[in-house]
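Q: I have a structure open and have not looked at it before. Can we walk through it?

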Amino acid sequence: PAHFARIARSAARAEGVNLVAAATTWRCFPSLVIIGAQKSGSTALAVHLTRHPSIAFSRDKELHFFDKNESLCPGPLSYLLKFPPRDDAKATAEATPFYIASTEACTHMAAQLGRRATYVLIVREPVARAYSEYQMKHRRVQGQDGFEKALQAHAGSILRCVAEAGPRNATRGLRACAPSELQELAKFPQFAASVGVQIARKAKAAKQAGGDDRSALYAWLKACFWVADEGTTEPLADLIGGGRVAARFDAPQCFKEGTRERLGDLGAVMRDEVALFHDCARTHFGWSVPPSMDAAADLITKCVRVRTGISAQYLYRGLYAAQLQRCLRGGITKSDIVVVDQDVLRRDPQRALDAVAHRLPRHTYQDLSDASLKAEMDRRWPDFEKNGWGGGGGAPAPRPP
């Protein structure tokens, strides 16, 4: 009980609500879930649906609840707090386009939501979808390289901010005193949180070994920073004290999750994927082409180690039918699935939106222009474009050369 009480307090604190209010206010699981596919227009579809008067969307677009084990334990409170309080006149909704690619999400949704929900899959011509994913990855890698350069440019300031904030307030200290040029970059919140987690882990290890928080902080600083002037005898002391020597930050080692992404060659990656599927099919099933949808579901289950995010699994993410078949096996009912063609959403958005919200009162959308869509997206989820979203899911992608 004490463990779950801590989880409840943490969830309420993260969402900025009082624990008593969180525990006594009814909130509903979603009755409409956009489950995919990535880079097929899920963001555009979700933004359009936020204008439906009978739909209440989650505060964040992608919640990644059902593709993780936390959907079973420690429980759904943190998830439910991302939705507005219950309103009998509205259906709650969320959009996490990774769900269709996940090996577990459909099973978890079937167990938790069952027949109460509509599961929406928006699909796109697979080659265009793959190249759109490649374009997004390219933008993200460019942003990653730029952020790594910014870390080096402001390494001395980062070191002094963390040292002055202390081991228990490293993240807060960075947010308070890091240069504005660094804080304006999309990866800064991730970086600040990562620093706090790393130091907390070192502090826990130090405490178990009989040390203290300050020694853990110094150990992290010593591991992650060095001085360009090798003649300096006390590099950390000089830097923390505002000395003139130049600091360097070991980003590949101390911010791995924000600097490890690599682009690769699109053609080579897809050829490798084709070879993997072919070899795995011949080895485990004795055929090259799946003879049925059940066989296709067997193939992706056996041969694909699914990776999250924009992960360069270009071919796998476009195997919509096989993934849907796996969802049906996981307990999702066929009649509860709505498949929307991205081309229809672009050419006749009212028709597509009517199909998605067919269980709700019909709503006539007043402005479905691209400009209106972009303005609403900036208002609802402004961080999407910063993180590499460039509208590619809602517009035709050029073919690779």
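**Strands, helices and a few loop residues**

A: Strand S1 (residues 32–36) runs parallel to S3, and three bridges join them. Keep in mind that this is a predicted model.

Q: Which residue of S3 does Val33 stand opposite?

A: Val33 is opposite Glu94 in S3.

Q: What else pairs with S3?

A: S2 pairs with S3 in the parallel sense, over three bridges. There, Ile55 has Ala91 of S3 as its bridge partner.

Q: ok, what is the order of strands in the whole sheet?

A: The order is S2-S3-S1-S4-S7, an open sheet of five strands with parallel pairing. Strand S2 (55–57) and strand S7 (337–341) are at the edges and have a single partner strand each, so one side of each lacks a neighbour in the sheet. From one strand to the next the twist averages 30 degrees.

Q: How many bridges are there between S4 and S7?

A: Five bridges, in the parallel sense, pair strand S4 (residues 118–123) with S7. Leu121 stands opposite Val339 in S7.

Q: Which residues are on which side?

A: Ala91, Ala93 and Ala95 are on one side of S3, with Thr92 and Glu94 on the other. Both faces are covered. In general, the side chains of a regular strand alternate between the two faces of the sheet.

Q: What about Lys39, where does that lie?

A: Lys39 is also placed in the loop between S1 and H3. Its phi is near 60 degrees, which is positive in a residue other than glycine.

Q: Is Lys39 buried or exposed?

A: Lys39 counts as buried because its relative accessibility is 7%, and the cut-off for buried is under 20%.

Q: And His64, what is its phi?

A: His64 has a positive phi of about 50 degrees, although it is not a glycine. Its loop runs between S2 and helix H4 (77–80). With 18% relative accessibility, His64 counts as buried.

Q: Let's switch to helices. At what angle do H7 and H8 cross?

A: Helix H7 (residues 155–165) and helix H8 (residues 170–177) cross at roughly 130 degrees, with axes that come within 8 Å. They are therefore oblique to each other. The crossing is right-handed.

Q: Which residues make the contact?

A: From H7, Ile158, Cys161, Val162 and Ala165; from H8, Ala170, Gly173, Leu174 and Cys177. Seven of the contact residues are nonpolar, one is polar and none is charged.

Q: Which residues are buried in H16?

A: In helix H16 (residues 293–303), the buried ones are Ala295, Ala296, Ala297, Leu299, Ile300 and Cys303. Their cover includes helix H15 (266–284) and helix H17 (320–329).

Q: Last one. Where is Glu376, and what does it touch?

A: Glu376 is in helix H20 (residues 370–380). Leaving out residues up to four places away in sequence, Glu376 touches Val47, Thr50 and Arg51. Glu376 is buried, at a relative accessible area of 14%.

Technical notes. Residues numbered from 1 in each chain as written. Predicted model: local features only at pLDDT ≥ 70, side-chain atom pairs only at ≥ 80, totals over all residues. Heavy atoms only, no water. Axes fitted to C-alpha atoms, helices over the stretch in contact; angles between N-to-C directions. Helix = DSSP H or I, 4+ residues; strand = E, 2+ residues; numbered from the N terminus. Parallel < 35°, antiparallel > 145°, perpendicular 65-115°, else oblique. Left-handed = near helix turned anticlockwise from the far one by under 90°. Contact = heavy atoms within 4.5 Å. Nonpolar A, V, L, I, M, F, W, Y, C, P; charged D, E, K, R; others polar. Buried < 20%, exposed > 50% of the residue type's maximum accessible area, 1.4 Å probe, protein only. Pairing = 2+ DSSP bridges.
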